[in-house]
Amino acid sequence: MQTTVHARSRCQQRGIAPAVVDLIVDFGAEVRSHGASKYYLDRRARTDLRRAVGPQALRQVENKLNCYVVVAD
């Protein structure tokens, strides 16, 4: 996924790896707003993610999953 300089900077400041962004986009719920998609992990998405990667892998990144990803059209 192509990211802006701003997004890369914010992810670096917050310690969010690109793989975490990909997980949120791949498994997250999508909400359309103002010409963009916003992805976040709701309860169902977290359950699906836990099944896909396993509980141990999820624990390693769980504290970084309380965010959302905005993807412009």
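Visitor: What makes C11, I16 and V69 residues that V21 touches?

Guide: Contact means heavy atoms within 4.5 Å. V21 touches C11, I16 and V69, leaving aside residues up to four places away in sequence. This is a predicted model, where local features need pLDDT of at least 70, side-chain atom pairs count only at pLDDT 80 or more, and totals for chains, interfaces and linings use all residues. Residues are numbered from 1 along each chain as its sequence is written, and side-chain values use heavy atoms, with hydrogens and water left out.

Visitor: Why is V21 called buried?

Guide: Buried means under 20% relative accessible area, exposed over 50%, partly exposed in between (1.4 Å probe, protein chains only). V21 has a relative accessible area of 13%, so V21 is buried. V21 lies in helix α2, residues 18-27. Helices (H or I, at least four residues) and strands (E, at least two) are DSSP runs, numbered from the N terminus.

Visitor: Why is V31 called partly exposed?

Guide: The relative accessible area of V31 is 36%, so V31 is partly exposed. V31 sits in strand β1, residues 29-33.

Visitor: What makes V31, Y40, Y68 and V70 a nonpolar surface patch?

Guide: Patches are made of residues with over 30% relative accessible area and no salt bridge; like charges are joined within 9 Å, nonpolar side chains (Val, Leu, Ile, Met, Phe, Trp, Tyr) within 5 Å. A salt bridge is a side-chain nitrogen of Lys or Arg within 4 Å of a carboxyl oxygen of Asp or Glu. V31, Y40, Y68 and V70 make a nonpolar patch of about 380 Å². Accessible areas come from the Shrake-Rupley method with a 1.4 Å probe; for residues, only the protein chains shown count as cover.

Visitor: How do you know that β1 and β2 pair?

Guide: Two strands pair if DSSP finds at least two bridges between them. β1 and β2 (residues 36-40) have five bridges, in the antiparallel sense. E30 has Y39 in β2 as its bridge partner. In this hairpin, with two residues between the strands, H34 takes a positive phi near 50°.

Visitor: What joins β2 to β3?

Guide: Five bridges join β2 to strand β3 (residues 68-72), and the two run antiparallel. K38 stands opposite V70 in β3.

Visitor: What pattern does the chain follow, and why is it called as compact as a globular protein of that length?

Guide: Along the sequence the pattern is α-α-β-β-α-α-β. The radius of gyration is taken over C-alpha atoms; the globule rule is 2.2 Å times the number of residues to the power 0.38. The chain has 12 Å, close to the 11 Å that the rule gives for 73 residues, so it is as compact as a globular protein of that length.
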